[in-house]
Each structure stands twice: as structure tokens, then as C-alpha cells.
Protein chains: 2
Amino acid sequence: MGGKRVWRMELGLRMKPELDASDERPTLKTIAYLTGLGVTTVSRALKNGPEIGEETKERVRQIAKQVGYRPNRAGVRLRTGKTNVISLILNTEEGSMGLVSEMVYGITEVLAETPYHLVITPYSLSDPMEPVRYIVETRSADGVIISRTEPKDPRVSYLLDHNLPFATHGRTDMGVIHPWHDYDNESYAYNAVKLLAERGRRRIALSGPPPHLLYARHTARGFERAMRDMKLDVFPLSAMNLDAPAEAIRRDGREIGLSADRPDGIVVSSAMSALALVGGLEEAGLKIGRDIDIVTKQSTSFIGWYKPEILTIREDFRTAGRDLAKSVLAWIDGADPATLQHLAAPDVRD
Amino acid sequence: MGGKRVWRMELGLRMKPELDASDERPTLKTIAYLTGLGVTTVSRALKNGPEIGEETKERVRQIAKQVGYRPNRAGVRLRTGKTNVISLILNTEEGSMGLVSEMVYGITEVLAETPYHLVITPYSLSDPMEPVRYIVETRSADGVIISRTEPKDPRVSYLLDHNLPFATHGRTDMGVIHPWHDYDNESYAYNAVKLLAERGRRRIALSGPPPHLLYARHTARGFERAMRDMKLDVFPLSAMNLDAPAEAIRRDGREIGLSADRPDGIVVSSAMSALALVGGLEEAGLKIGRDIDIVTKQSTSFIGWYKPEILTIREDFRTAGRDLAKSVLAWIDGADPATLQHLAAPDVRD
DNA sequence: ATTCGCCTCTGTAACGTTACAGTTTTAGTG
DNA sequence: CACTAAAACTGTAACGTTACAGAGGCGAAT
């Protein structure tokens, strides 16, 4: 074997007599030259292909490591069509503080251990299909992550039609199967009510998400089930609308606080709204935790720092990001999308 | 000219007799076939090269648009080395809510009108150089945006050494020239003090950023200048440390609130800390706006919704993102980096 | 001895683009 | 009329990778 190796080396030298400029980025050719093997062999060896001898593979791997070889993404992509890119499609008009960065962190955390890069693709509400079409037409990603999923989401059908793996943050209601990650808002609402009941609250209101989104339904279901189970009085909040600007919510809070006939507990679906609501309630002279209790979801723990009187249940967007990334990768690798659906149980402590 | 066109078409047909599968993605070859021109000519025409006739260019452009031609990024990248990628290097441990997403939005807003994509490259505090080295070694981006800039930032020297255009969020103190965008913290602190002075506050404290960061110095300078100009009493906050966890800041706030000898105004450098501080002060029974005034920076306007008593001065991270993106692109296009340094004046209204 | 199949390695071509070095055509010059 | 120059176009090669179709060598079966 030693003899064979030497012979190959000489052959290599004869065949590729160019100087290898050592400051250039190494390619397969560099390794081929160094080992005296063919470029193809090196390529197969680094992929651990079955037709390459174990000894050769080891030698190639060693040299590759020595010279710091990194495959050229453009080369791979041009030849195979594989981009090694996951695209996160983001709406740039939403200002849901913290949500996005946490999700991005979760995604990068998973991708860091793979050859995948994360590309951020923005869209405006005026044309949500634009980035999806762009990615499909230019084949610029192997997989896509979608946020702000709608119950009937045209992006989902489009991606399914074009066989591009994806995962959605939030479920859909279209009778099709695809990977998703969703926070269990039914469980959240149920537990929120339970928390209030444990504090002796009996007249409880729900300030839910915008009703056209699917998770508004989940939230309402959990809320109503809990109210029935615990035999509490639903306090209807007609005016309340989480889509409304914070000023309006604050105003609502003040009105509620001033009315003689008011709830003694409110379940809120977003930390931002909870803050605005509490602002209004306090302006009306109420003391949170004494006169009324508020439960809200929170993604970062800042409410706990600031106002421990507000009851919180955690929603972890980093985990969501990790989950979504793992699901897309799994789908790309051929997993059954039906197995890539995750409902995240809310963490009731804190 | 009509005759010429027909002849070319025939030539084209003779030379490339393959069927053009119309569902395939169009390439230069497709357009060459359709126009009867050579691939090279089409390439030059679409780049508006000088050696192509105006009439031909127009025809090529038209057909290109008709078939929906989009240059293949991998092809360009492989041939030219141009990636059309800007990399945003992010620390995934920081939880500075809202900051990151707003910056990302600003960047994508600028890149949307260019062929550039935004890639998020994460790093952990244990090895801040890793992503920078990766990008340089694999030549995987044409430009880089750095956040959390340190006064002596090794990433800056490394990127300068390797001729990779970049821009930093925050200035450095290394005696080298590079593009940056920085919030004018000196001006912020000055205006914050002025705001307090206008409300009759006289014993003013500063709760500044972690002292090892450069903008701590800027903040302190603005604060001290304002205090001198307005002949106010500096109230030293020995215990205060914005690096501390929010719980500690909250505790500090309570202590300050309970002490007989306390400031009547505090300038705070981060909205998060301001909230924790206010939480503590209120716990001690103080009423913001009556017993004490707080000024803080805010990036989203949520404090205004929640607690209008807290005085705020806006810091706009979306603009920062836009600025940083524009600067990197300009540097890539050969602009003088010395002209790409922007100090963002704080917006005192709101 | 021949054939067969297996194992391990090989070169060629192609992905889409552009730099480069021509080539043809037309118009202008002496 | 030859000659040159400019204008407008051309093909070839290369970027780094991998699919594909071999090609040697060698042991086993015939």
C-alpha cells in the first residue's frame, strides 16, 4: 500500500505540475494534487461514498482538514441545485417586540450545526406572496419558514404546489398536511383562567387575539372550557380588540377600571396589550393584584422584573424557532411532514 | 434590420436545435436562443455593456422580461466571486428586545431594492471572531454588519486586514477609519437632563451603560456638560449598574425610593432598566412624575402607551439598520469609508 | 486459462455566468 | 482601391462541484 501511495503521488505530480499557491482558498483540486488522487475521488471520499477505500477516505479527510478545506457553496449550488439556505419570511411592518429576534436566534442555533445559512426575506402586507414566488422561481432556498400564518394561507398552498419544504409558525385550517409549530393557546387560556380562579377571581374577561386568526379560536375554546369547568362568570368585553392601537386599549382599560360593574380578572393574549391595559386600569385607580388580576403571555421575562403583580405564562419563541428549523430540515431530508407538527405546552411556572 | 434579425434567428435555430422546455427556468442560453444572439452578447446586453448596439440591448431586455429571466446567483458567484450577500453578525445571547428585529427590518428595507440578500450569522460570546473568520475564509459575503461594537474591536481590525467592507453599529476607539452608525448618546444625555431641568428637577442621577463600552463615555460626557450648563447637582448612583440583572436594578430602585436623601430625576440609558427601576421606585411608594422623574431611551413606543409619566427620547433602530446597510453597499461600490459615518441625532419630541 | 464481478479509482461533461481574445461587418481615410 | 479603425457581435475557457460512464486490478468461479 505504501508503494501504491508513492506511485500515486508521483502520478499526481506529473499530471498537475502547476504551483499550488498556498494563500489561495483550497479546493478539491488542491486536495487532489496533495494526495495524488483524482478530483472525483476526493469529492466522493469527503462525502464518505461507498466506492472509496476506507484508508483513502481517512487520508483525504486528514489532508482536507490540514489545508482547511471548505466546499465552495456556489460550486455545489450550481451543480446540484442545493442551496443550503433556509429562508425566513418576515413581515417588516409588524412590531411584535422580541418575538422575531428570539425566533431568529432559535433558528440559527439549529442551523449552526448544519451547512445551512439563514436568509431573511421580507415582505410587505400589500403582497405576501411576493417573497414566496421569488424563492420558488429563483430556487433560492431549500426550505422556508413562514410566520403570521393565516387560517387559509395562500403561501401554504403555493409552496405545497411547488414542492418546496416549509414550516409555519401557527396552524392552518385548510385540510392539508404540513409541518407547523404552534403555541398551545387553548392550554394557555385554560391555565390562565385557573390561575385567576385560584386567587379567588370569579368574574373573568378574555381579551383575545384578532378574531380572524386561528389561534383566537383556540384561545376562546380554552377560556370557555375553563370557565365551565370552574363554574365562573364570563364577563363580556365587547369593546376590546387586540388589533387596536395601544392607545385605544389603554383607554378601554381606564373605562373598565372606572365602571362599577367590572371584571375581577382578565386574561390577555399579548404582553404589549396587557401593559397598555394595566396602564389604563392603574390610571383609573385600580391596584393590580388587589382590585383585579391580569394574566398575560410573555416572551421575555421583563414584565416579571417590572411589575411582578401581573401574572404571566411564558411563550418561548426561541423554542419555536428551533422547532421550525428542525422541522424544515427534516422535511428536506425526506421525513413525513405529518410527524413534524408541534404544539408547545405553555410553561405555567412563571 | 428585419432581415438581419431573421437570419440570426435561423442561425440560432441551426446552432441550438434542442427543444426549449418552457417550464424550465430561463437562462442566458434561453434568451440567446430566442433572440438568435450569442450567450455572451446577451450577458453584455443585460449589463448594458458599451459594445452592444442600443437596438439589440432593447430587444434582449424585452425578451428577458417576457420570459422572466433572473440571473442565477450561483453562476455569477462561482464565476465572479460576487456573492450579493450582506451578513449581519448577531450575538444570540443578548436579549435587547426589539432592537434586533427593528435593525433587521431597516437593513432588509434597503437591500430589497438591490440584488443583495441578508444572511444572519450568529456568534456566541465565547468566540466573537468565529463568524468573521468564517465569512472571510469562505468569502461568503460581500459585506458585513457588526453589532455590539467594542471600543477595541478585534473584528474591525480583522476585517480591515482582509479588505472586507463592513459597517459597525457603534463607534470604535482604535484610530482606524471605517463606516459606522451611532446613536448620539452625548446629545441624548444632554437633552435628557434638559428635560428634567425644565420640570424643575435639580438633583439628578445618571444610570449609564456598562462602563467598558464606548458610548458610556459619550453618555457621561453629555450628562456632565448639561449638568454644568444648567448648574444642577449631580447625584451619584454608586450601586447602579446597567449590566446587572433586572432584579438587581429593581432592588436598587426600591432602595433609592426609600432613602430620605434621594435624587428627583434619573437619566437611564435603556428602556429595560428604566422599567425595572421604575418598578422598584413605585414599590417604595414613589409616584413617577410627582416625586421623581425618569427619562429613558425607547426604541418602540410601548412605554408611552403603558406609562406616559416616564419621559422618553426615541432611539430609532430601523434607521440604524437602513444606515448601516447603505454604508456597507456604498463601501462595496468604492465609496470613501470616511464619508460613511453617521451620528443619529435623538428625536426629542416623544 | 478464461471469464466474471467486485472494488477502487479515473476523466469528461455539465450546471450558468463572465473575462478574454478573437471575427465579421461597416464606414471612413489616404 | 486598399487599408484601418470602430462597432457589434462571436466562441472558448474557466470558476468548483458532482453525475456518469468507464477502466484497471484482482480474486473467484467456471
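A:Asn163 sits in the loop between α8 and β4 (166-169) of chain A, where helices (H or I, at least four residues) and strands (E, at least two) are DSSP runs numbered from the N terminus. The phi of A:Asn163 is near 60°, a positive value in a residue other than glycine. With a relative accessibility of 69%, A:Asn163 counts as exposed; the cut-offs are under 20% relative accessible area for buried, over 50% for exposed, and partly exposed in between (1.4 Å probe, protein chains only). The model is a predicted one, in which local features need pLDDT of at least 70, side-chain atom pairs count only at pLDDT 80 or more, and totals for chains, interfaces and linings use all residues. Residues are numbered from 1 along each chain as its sequence is written, chains are lettered from A and ligands numbered from 1 in the order in which they are written, and side-chain values use heavy atoms, with hydrogens and water left out.

A positive phi also turns up at A:Arg139, where the value is near 45° in a residue other than glycine. In helix α7 itself (residues 130-138), the buried residues are A:Pro131, A:Val132, A:Tyr134, A:Ile135, A:Val136 and A:Thr138. Their cover comes from both chains: it includes β1 (85-91), β2 (117-123), β3 (143-146) and α8 (154-161) of chain A, along with α5 (73-80) and β2 (117-123) of chain B.

As for the interface, the contact (heavy atoms within 4.5 Å) draws 44 residues from chain B and 44 residues from chain A. The two chains bury about 4200 Å² between them, with carbon and sulfur atoms giving 62%; buried area here is the accessible area (1.4 Å probe) that two parts lose on being put together, summed over both. On the chain B side, B:Tyr105, B:Trp305 and B:Tyr306 lose the most area to chain A, together 18% of what that side buries.

B:Thr92 belongs to the loop between β1 (85-91) and α6 (99-111) of chain B. This threonine counts as buried because its relative accessibility is 14%. Leaving out residues up to four places away in sequence, B:Thr92 touches A:Tyr105, A:Thr108, A:Arg318, B:Pro122 and B:Tyr123.

Within chain B, helices α9 (residues 185-198) and α10 (residues 214-229) pack at about 35° with axes 7 Å apart, the axes being lines fitted to C-alpha atoms over the stretch in contact and the angles running from 0 to 180 degrees between N-to-C directions. From α9(B), the contact residues include B:Ala189, B:Tyr190 and B:Val193, and from α10(B) they include B:Phe223 and B:Met227.
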